[in-house]
Amino acid sequence: MRVVDIMEHARSRVARSVSSEMVLAYWHIGREIVGEVQRGAERADYGDRLLEALSEALTTHFGRGFSVSNIRYFRQFYLVYADRRPEIHHEPRGESFSSGTQGPLPHETGGVAAALLYAVDHARVPRGFSPGLSWTHYRLLTQVEHAAERLFYEIEADREGWSTAVLERNIHSRLFSRLLKSRDKDGVRELATSGLALRRPIDILRDPYVLDFLDLPDVPRLHEADLEAAIIEKLQLFLLELGKGFAFVGRQKRLEYEDEYFYVDLVFYNCILKCYLLIDLKLGKLTHQDVGQMDSYVRLFDDRYTTEGDNPTIGLILCAHKNEAVARYSVLHNNEQLFAARYLTYLPTVEELQQELQRERLLLEARSGVSK
């Protein structure tokens, strides 16, 4: 009945409104705490005693939810977002944040790894908070150290309607850093201040792909069929890792050419770029044969299976190890439809990801003939 829909919609709006008001309330509480502590800064223990007293007072008046640890979260929330206006902005979902940030990027002033991880560290957006993000969302965001990375996650969580679980995983898997490596200065600035926009095939690529959710056994006799089966079993999580706009089409897609048959491990369709994505899974190191095979798959698929309105097919070789010589001296070089990326079966550490991004950046520079 429409009456039920009306009531459900109204309740949803009320819940969002309450959530937004609590975000603003916690920001204001944080501001009061910071201001009061600064006024009593000459007493070293003043801040702790203030938090304890405030916790007791709020708990007495409002009940649970105001422990000293939570009060500290309010303070941290304000310190991170002190430049925001204490209001809820109602920008239509899908529009990007704007930024007046100028000045050199870390690309120009620091090392490669620092540039990739810290990106536009001056990113600041003097605006309010999102009506689509809860206090739990913002608590997670305050754990992100660098402003540009934090803003990226805020934009994408708002635009894509990420749950707190999805936001937490994307932060922990360092999605922002993994998306940076193939972008130039302008691309980095856009990613950090406007979120991820899909315009070209390379925009869908992240490297490495983090497949920790597959829970693959650490055994020497693991086969590619095992990897494929694990992906199908956890397909929803794999789609999340692939990125926005993907739909699953099939596995072991048979491609026929004259009297020969070829099989593509996984086929997806990206509804934003309007193109198919073919994925070939490789447990070992990338080879020239793998690249040539995927090149043939893409050409054959475009010839036989795409229809009017489809853009050229993308081929992705997902491998355990990338051979830099193959990536540099094969048809992968400067090809806008063929890609190779590593997959990791565990969440990488910051140090591991820095090394990975450094290696990829050097490879990109070598491909373009840039010497450092």
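**Chat about the model**

Author: Let's start at Gln 252, which is partly exposed because its relative accessible area is 34% (buried is under 20%, exposed over 50%, partly exposed in between, with a 1.4 Å probe and protein chains only). This is a predicted model, where local features need pLDDT of at least 70, side-chain atom pairs count only at pLDDT 80 or more, and totals for chains, interfaces and linings use all residues. Residues are numbered from 1 along each chain as its sequence is written, and side-chain values use heavy atoms, with hydrogens and water left out.

Reader: Where is Gln 252?

Author: Gln 252 is in strand S2, residues 246-257. Helices (H or I, at least four residues) and strands (E, at least two) are DSSP runs, numbered from the N terminus. The phi of Gln 252 is near 50°, a positive value in a residue other than glycine.

Reader: Ok, and what's phi at Arg 174?

Author: Near 55°, again positive and again in a residue other than glycine. Arg 174 sits in the loop between helix H8 (164-172) and helix H9 (175-180).

Reader: Backbone again: is the peptide bond from Asp 207 to Pro 208 cis or trans?

Author: That bond is cis, with omega near 5°. Pro 208 belongs to the loop between helix H10 (185-194) and strand S1 (209-210).

Reader: Zooming out, how many helices and strands does the chain have?

Author: The chain has 15 helices and 6 strands. It has 372 residues, and 46% of them count as buried. Among contacts with a separation of 6 or more, 69% come from residues 24 or more positions apart; contact means heavy atoms within 4.5 Å.

Reader: At what angle do H2 and H3 pack?

Author: About 110°, with the axes of H2 (residues 46-62) and H3 (residues 68-80) 9 Å apart. Axes are lines fitted to C-alpha atoms, for helices over the stretch in contact, and angles run from 0 to 180 degrees between N-to-C directions. The two helices are therefore roughly perpendicular to each other (65 to 115 degrees; under 35 is roughly parallel, over 145 roughly antiparallel, the rest oblique).

Reader: Which residues make the contact?

Author: From H2 there are Asp 48, Leu 51, Glu 52, Leu 54, Ser 55 and Leu 58, and from H3 Val 68, Ile 71, Arg 72 and Arg 75. They divide into 5 nonpolar, 1 polar and 4 charged. For those classes, Ala, Val, Leu, Ile, Met, Phe, Trp, Tyr, Cys and Pro are nonpolar, Asp, Glu, Lys and Arg charged, and the others, Gly among them, polar.

Reader: New topic: is Glu 154 buried or exposed?

Author: Buried, because its relative accessibility is 1%. Glu 154 is part of helix H7, residues 147-160. Leaving out residues up to four places away in sequence, Glu 154 touches Tyr 81, Arg 84, Leu 133, Tyr 138 and Leu 141.

Reader: And Met 294, where's that?

Author: In helix H13. Met 294 is buried, with a relative accessible area of 1%. Not counting residues up to four places away in sequence, its contacts include Leu 278, Ile 279, Gly 315 and Leu 338. Val 264 is 30 residues from Met 294 in sequence, and their C-alpha atoms are 8.7 Å apart.

Reader: What else is buried in H13?

Author: The buried residues there include Asp 290, Val 291, Asp 295, Tyr 297 and Phe 301.
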